[in-house]
Amino acid sequence: MADPRGFLKYPRKDNPMRPIMQRVKDFNAMELDLSDADRREQAARCMNCGIPFCHHGVFFGGGRAVSGCPNDNLIPEWNDLVYRDQDRRAFERLSRTNMLPDMTGRVCPAPCEVSCVQALNGPGITIRNNEKFIIEQAFKNGWVVDSGKPLRRTGKKIAVIGSGPAGISAAWRLNQLGHSVTLFERDDRFGGFLMYGIPNMKLPKEVVQRRINTLSQVGIELVPNTEVGKDISAEELKKKFDRVVICTGARQARDLNVKGRDLSGIYQAADFLKIATKEVLKDGTKANNRLKGKHVLILGGGDTGNDCIGTAIRQGCAGITQLEITPALPKERTSKNQWPEWPMVLKTGYGQKEAKALFGNVTEYSATATAFFGENGQVKEAEISQVDHFKPIAGTEKRIKADVVVLAMGFTGAEQWLFDQFGITKKNDNYTTNDNQIYVAGDCRRGPSLVIWGIHEGRLCAEKIDASLQTLASAKL
């Protein structure tokens with residue numbers, strides 16, 4: 001273990017956030033870093049518990065993980081190595097399981113930290129921040145590219161469709177194992193939601209692009225602006241490649257079927273955030289006036305809703321209303337929600353904190369929009385209502401200004417049409433399908449989830465493919 005008394009000597013110290021009134025003026029990263037010395041003290045707080053819940057995960061009925069890291073990350077090991085100033089070894093341990101710690105070190109909600117044994121009686125270890133430190137040391141010292149290069153090539157060719165967390169992880173691991181990988185992306189830039197779904201202040205796009213550059217450097221072929229099933233057929237892909245991996249995410253957004261939904265100015269959150277990121281990539285990270293004078297209504301209270309709040313603020317909006325259809329969670333754990341489960345308690349996201357500083361409280365719980373009204377085809381107002389068990393309560397309706405509406409209500413699953421192109425009717429738990437040449441991983445297999453789940457699925461899917469190719473080669477001998 002690290003310092004056996006570290007958790008007694010050093011209080012938890014998180015990476016600081018830039019002050020609200022400073023950070024809302026730009027799209028630059030909100031989070032700052034501690035000094036190296038402070039980071040090693042934070043790593044020293046890890047006790048290497050006899051049962052490290054942080055990296056085992058705790059599973060309840062139906063195999064549902066409710067706490068801990070789902071990706072088997074060797075957390076106590078690399079915490080100890082950081083404390084001992086052995087950063088290269090720490091990176092080697094971290095990168096055995098996590099192909100994208102540069103992403104999870106910035107955007108993961110860190111279920112590992114709340115299941116840390118120290119979280120029983122106080123604050124857990126700063127695992128996410130420690131992870132970010134390790135990968136930044138690796139990039140600074142040039143260790144990342146070497147870790148992705150294969151010892152030899154197998155001669156097998158594999159296509160990966162989709163360049164989000166699952167696609168990148170699958171491509172990286174397959175390349176490590178010696179296969180020749182081609183990564184297809186329908187957008188102009190790689191990264192999936194890492195590039196266009198998470199705003200720049202939370203995940204700077206130069207960080208995403210840096211990772212994409214490593215894919216080319218280790219020998220992975222990148223094909224942008226190419227939609228499989230349209231620009232290149234499923235049949236052609238099957239002829240050219242020994243295996244095909246579908247990692248297209250869960251892009252089917254939940255919609256709201258109410259009067260006025262067809263008015264202009266009503267966006268799905270993914271589209272709203274993509275437009276904002278493209279503007280940042282084109283014009284720079286200074287705040288802009290795209291929403292100057294406009295009142296924004298955001299439907300959805302999760303992380304994506306918070307991202308939309310933070311984005312709208314930086315685009316100069318005049319006011320924000322956020323509606324969450326579910327009741328507010330309790331402020332403290334209930335007796336039915338004990339450690340090491342994920343704490344089902346009320347949280348205030350960074351966007352909500354920024355909005356409160358500028359406009360006061362903007363979030364209403366147990367509420368939804370029941371109609372939209374406009375002028376000349378453009379939304380101008382919304383009718384909102386309190387709800388009971390997701391149904392509007394008669395008599396609680398009121399109208400509010402809404403020049404822009406963002407639907408951040410989550411996703412229902414994968415876009416099915418691509419699977420139809422390949423004739424896929426079954427997605428198995430072991431990443432196989434009814435076609436032994438086609439594999440599937442990530443959100444398009446298991447449903448909308450965390451970045452770390454995509455990384456986990458991409459890695460294990462790659463290893464499943466490698467095993468199948470080795471079995472095939474052995475059978476031919």
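Helices are DSSP runs of at least four residues, numbered from the N terminus. In this predicted model, residues 127-141 form such a run, helix H9, and Asn 130 is found there. The relative accessible area of Asn 130 is 0%, so the residue counts as buried. Beyond its neighbours within four places in sequence, Asn 130 is in contact with Arg 39, Gln 42, Ala 43, Trp 78, Asn 79 and Ile 125.

Two open sheets are described here, beginning with the one that contains strand S3. This sheet has 5 strands in the order S5-S4-S3-S6-S18, and the pairing is parallel. Its edges are formed by strand S5 (221-223) and strand S18 (438-440). Each of these edge strands pairs on one side only. From one strand to the next, the twist averages 20°. Within the sheet, strand S3 (residues 157-161) pairs with strand S4 (residues 180-184) over 5 bridges, in the parallel sense. Ile 158 stands opposite Val 181 in S4. Strands of a sheet pair through backbone hydrogen bonds, in either a parallel or an antiparallel sense.

The other open sheet also runs parallel, with 5 strands in the order S8-S16-S9-S10-S11. Strand S8 (266-268) and strand S11 (363-365) each have a single partner strand, so one side of each is left without a neighbour in the sheet. Neighbouring strands here are turned by 20° against each other on average, direction ignored.

Strand S9 (residues 295-299) has partners in both S10 and S16. With strand S10 (residues 319-324), S9 runs parallel and is joined by 5 bridges. Val 296 has Ile 320 as its bridge partner in S10. With strand S16 (residues 404-407), S9 is again parallel, and 4 bridges join the two. Ile 298 has Val 406 as its bridge partner in S16. Of the 5 residues of S9, 4 are buried, so the strand is largely enclosed by the rest of the structure. Helix H16 (residues 303-314) lies across S9, S10 and S16. The helix runs at about 175° to S10.

Charged side chains form 35 salt bridges in the structure. One of these joins Glu 113 and Arg 12, with an N to O distance of 2.8 Å. The two residues come from distant parts of the chain, 101 residues apart. Glu 113 lies in helix H8 (residues 111-114), whereas Arg 12 lies in the loop between helix H1 (6-9) and helix H2 (20-23). Glu 113 is buried because its relative accessible area, 11%, falls under the 20% limit. Arg 12, at 24%, is partly exposed.

A salt bridge also links Glu 354 and Arg 23, whose side chains meet at 2.6 Å, N to O. Glu 354 belongs to helix H17 and Arg 23 to helix H2. The pair spans 331 residues of sequence. Both Glu 354 and Arg 23 are buried.

Asp 87 and Arg 40 form a further salt bridge, their closest N and O atoms being 2.9 Å apart. Asp 87 lies in helix H6 (residues 87-94) and Arg 40 in helix H3 (residues 36-44), so the pair ties together parts that are 47 residues apart in sequence. Asp 87 is buried, with a relative accessible area of 7%. Arg 40 is buried as well, at 14%. Elsewhere, salt bridges that share partners join Glu 31, Asp 33, Arg 128 and Lys 132 into one network.

Phe 359 is partly exposed, with a relative accessible area of 33%.

Terms used. Residues are numbered from 1 along each chain as its sequence is written. This is a predicted model: local features need pLDDT of at least 70, side-chain atom pairs count only at pLDDT 80 or more; totals for chains, interfaces and linings use all residues. Side-chain values use heavy atoms; hydrogens and water are left out. Buried means under 20% relative accessible area, exposed over 50%, partly exposed in between (1.4 Å probe, protein chains only). Contact means heavy atoms within 4.5 Å. Two strands pair if DSSP finds at least two bridges between them. Axes are lines fitted to C-alpha atoms, for helices over the stretch in contact, and angles run from 0 to 180 degrees between N-to-C directions. A salt bridge is a side-chain nitrogen of Lys or Arg within 4 Å of a carboxyl oxygen of Asp or Glu.
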